[in-house]
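Welcome, and thanks for taking a look at this one. Below is a short briefing to read alongside the sequence and the structure.

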Amino acid sequence: MDRTKKLIAEAFEDIADGIEKGSFKRRPRIGLTVYGSEHGAEEMIKAAQLAGSKYGDFDIVLIGPKVDCGFESVEVSSAEEGHKKMVSLLEEKKIDGCVTQHFDFPIGVSTVGRMAAPGSGRNMILSTTTGTMATNRVESMVKNSIAGIAVAKSIGIDNPTVGVLNVDGARGTQRALVELQNRGYGIDFAQSLRKNGEVLMRGNDLLSGTPDVMVCDSLTGNLLIKIFAAYTTGGNYETLGYGYGPGIGENYDKLINIVSRASGAPLICEALKYCAVCAEGKVLRTAKNEFQKAEDAGLEEILEKDRPSKAEEVEVKVPPREVVTYAIPGIDILELDNACRVLWEKGIYSESGMGCTGPVILVNSQKGEKAVKILKEAGYK
């Protein structure tokens with residue numbers, strides 16, 4: 001009897017210790033909508049079976065036709081009905097997250113994808129891949145950065161490194177992020193593996209997975225996630241990576257992870273796990289906290305600088321033409337015209353151009369240093 005009491009006491013102590021340390025957690029319940037795949041419902045069920053056998057640390061709820069395959073299922077008759085049921089299950093807290101195909105997120109929400117870099121096998125977050133954070137390109141990419149950081153932290157990367165892919169808007173995004181960092185928001189910038197070693201990431205960095213979080217616009221991200229998912233299969237069957245990821249917004253309250261209609265079972269299996277890890281890591285709460293920290297550091301004030309002015313542009317007289325051989329790099333292609341106008345206002349003739357490493361502003365060699373100083377004072381460098 002004494003031995004029994006001791007065993008019971010030890011068991012209760014283990015339970016109390018587990019609760020205190022947070023090791024006893026409810027298994028995440030992750031939904032999977034079955035209708036909508038180009039490969040049929042069987043492919044989605046196969047994905048659930050793969051995830052169940054490979055991981056087994058979260059529960060899967062199928063939303064689709066009535067099937068007897070060992071999983072809990074909620075019967076619906078179409079993809080549209082499946083989406084409605086998915087939303088209601090999320091709102092009623094009957095599932096913690098859901099993996100689905102195409103879904104219409106509101107403006108201000110964009111998905112944060114995850115991929116395995118083919119050059120190293122290293123996992124890298126691609127932020128973002130669908131949806132729109134904002135209608136202004138730079139503002140959208142800055143918010144994509146915060147969303148990517150939030151997802152990285154939710155899956156266990158405490159201090160994620162951030163790189164900005166060298167696409168249109170990258171320079172403006174970098175400038176805004178540096179200012180945000182200087183105002184107190186924590187960002188750990190990655191360095192390109194290329195010789196220049198700057199924050200702007202090149203194609204090589206995509207292949208090697210240089211940063212933990214690769215920031216880009218969602219259209220570019222959408223293209224990249226498709227290529228990296230299906231480059232070994234010819235394009236019609238996506239096998240690699242984790243899908244387009246969870247929809248993240250400042251106040252978005254539903255964990256919905258997106259995969260493509262072309263995604264195959266191996267990828268969807270990993271998307272289910274990705275969703276479960278995000279659910280365990282409270283990704284939506286983490287995102288809300290990250291956006292709040294950015295707002296406290298002056299995010300809105302910083303973004304306002306890159307929003308187009310509603311005032312009419314004042315006509316600027318172009319100075320007399322000169323021979324221009326002095327190249328000033330580091331200006332985003334979307335800002336070249338405005339930067340030239342700044343120099344014209346100061347009486348310096350300039351032209352926009354494209355060098356081998358990106359956009360440049362060309363001025364007379366005798367006025368190069370002065371032009372650089374003017375552009376720095378105007379916030380372009």
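Leaving aside residues up to four places away in sequence, Gly 64 touches Val 34, Tyr 35, Val 74, Glu 75 and Val 76. This glycine is found in strand β2, and with a relative accessible area of 2% Gly 64 is buried. Please keep in mind that this is a predicted model.

**The chain as a whole**

- The chain holds 12 helices and 15 strands.
- Along the principal axes, its C-alpha atoms fill a box of roughly 95 × 50 × 40 Å.
- Of the 381 residues, 51% count as buried.
- Among contacts with a separation of 6 or more, 70% come from residues 24 or more positions apart.
- For a sense of scale, Gly 64 and Val 372 are 61 Å apart in space, C-alpha to C-alpha, and 308 residues apart in sequence.

- Helix α3 runs over residues 79–91, and its 13 residues should span 18 Å at 1.5 Å a residue; the end C-alpha atoms are 18 Å apart, so the expectation and the model agree.
- Its buried residues are Gly 82, Met 86, Val 87, Ser 88, Leu 89 and Leu 90.
- Those buried residues pack against five strands that you can pick out in the view: β1 (29–33), β2 (59–64), β3 (72–75), β4 (97–100) and β12 (256–258).
- After α3 comes Lys 93, with a positive phi near 60°.

**Helix α5 and its cover**

- Helix α5 (residues 170–182) has 13 residues and reaches 18 Å from its first C-alpha to its last, close to the 18 Å expected at 1.5 Å a residue.
- Buried in α5 are Ala 170, Gly 172, Thr 173, Gln 174, Ala 176, Leu 177 and Leu 180.
- Gly 184 follows α5, and its phi is positive, near 115°.

**A buried glutamate**

- Glu 335 lies in the loop between β13 (326–329) and α11.
- Is Glu 335 buried or exposed? Its relative accessible area is 9%, under the 20% cut-off, so Glu 335 is buried.
- Not counting residues up to four places away in sequence, Glu 335 touches Gly 172, Arg 175, Asp 306 and Tyr 380. Of these, Gly 172 is one of the buried residues of α5.

**Two helix pairs**

- Helix α11 (residues 336–345) and helix α12 (residues 368–377) pack at an angle of about 115°, with their axes 10 Å apart. Their crossing is right-handed.
- Which residues make the contact of α11 and α12? Ala 339, Val 342 and Leu 343 come from α11, while Ala 371, Ile 374 and Leu 375 come from α12. By class, this contact has six nonpolar, no polar and no charged residues.
- Helix α2 (residues 41–54) and helix α8 (residues 265–280) cross at roughly 55°, and their axes come within 8 Å. The two helices are therefore oblique to each other. The crossing of α2 and α8 is right-handed.
- On the α2 side, the contact is made by Glu 43, Met 44, Lys 46, Ala 47, Ala 48, Leu 50, Ala 51 and Lys 54. On the α8 side, the contact residues are Ala 265, Pro 266, Ile 268, Cys 269, Glu 270 and Leu 272. By class, the contact of α2 with α8 has 10 nonpolar, no polar and four charged residues.

**Backbone spots to check**

- As background, most residues other than glycine have a negative phi, and most peptide bonds are trans.
- Lys 93 has a positive phi of about 60° although it is not a glycine. Lys 93 sits in the loop between α3 and β4, and it is exposed, with a relative accessible area of 66%.
- Lys 282 also has a positive phi, near 55°, and is a residue other than glycine. Its place is in the loop between α8 and α9, where Lys 282 is partly exposed, with a relative accessible area of 45%.
- The peptide bond from Ser 127 to Thr 128 is cis, with omega near 15°. Thr 128 belongs to strand β6 (residues 123–132).

Terms used. Residues numbered from 1 in each chain as written. Predicted model: local features only at pLDDT ≥ 70, side-chain atom pairs only at ≥ 80, totals over all residues. Heavy atoms only, no water. Helix = DSSP H or I, 4+ residues; strand = E, 2+ residues; numbered from the N terminus. Expected span 1.5 Å × (residues − 1). Buried < 20%, exposed > 50% of the residue type's maximum accessible area, 1.4 Å probe, protein only. Contact = heavy atoms within 4.5 Å. Axes fitted to C-alpha atoms, helices over the stretch in contact; angles between N-to-C directions. Left-handed = near helix turned anticlockwise from the far one by under 90°. Nonpolar A, V, L, I, M, F, W, Y, C, P; charged D, E, K, R; others polar. Parallel < 35°, antiparallel > 145°, perpendicular 65-115°, else oblique.
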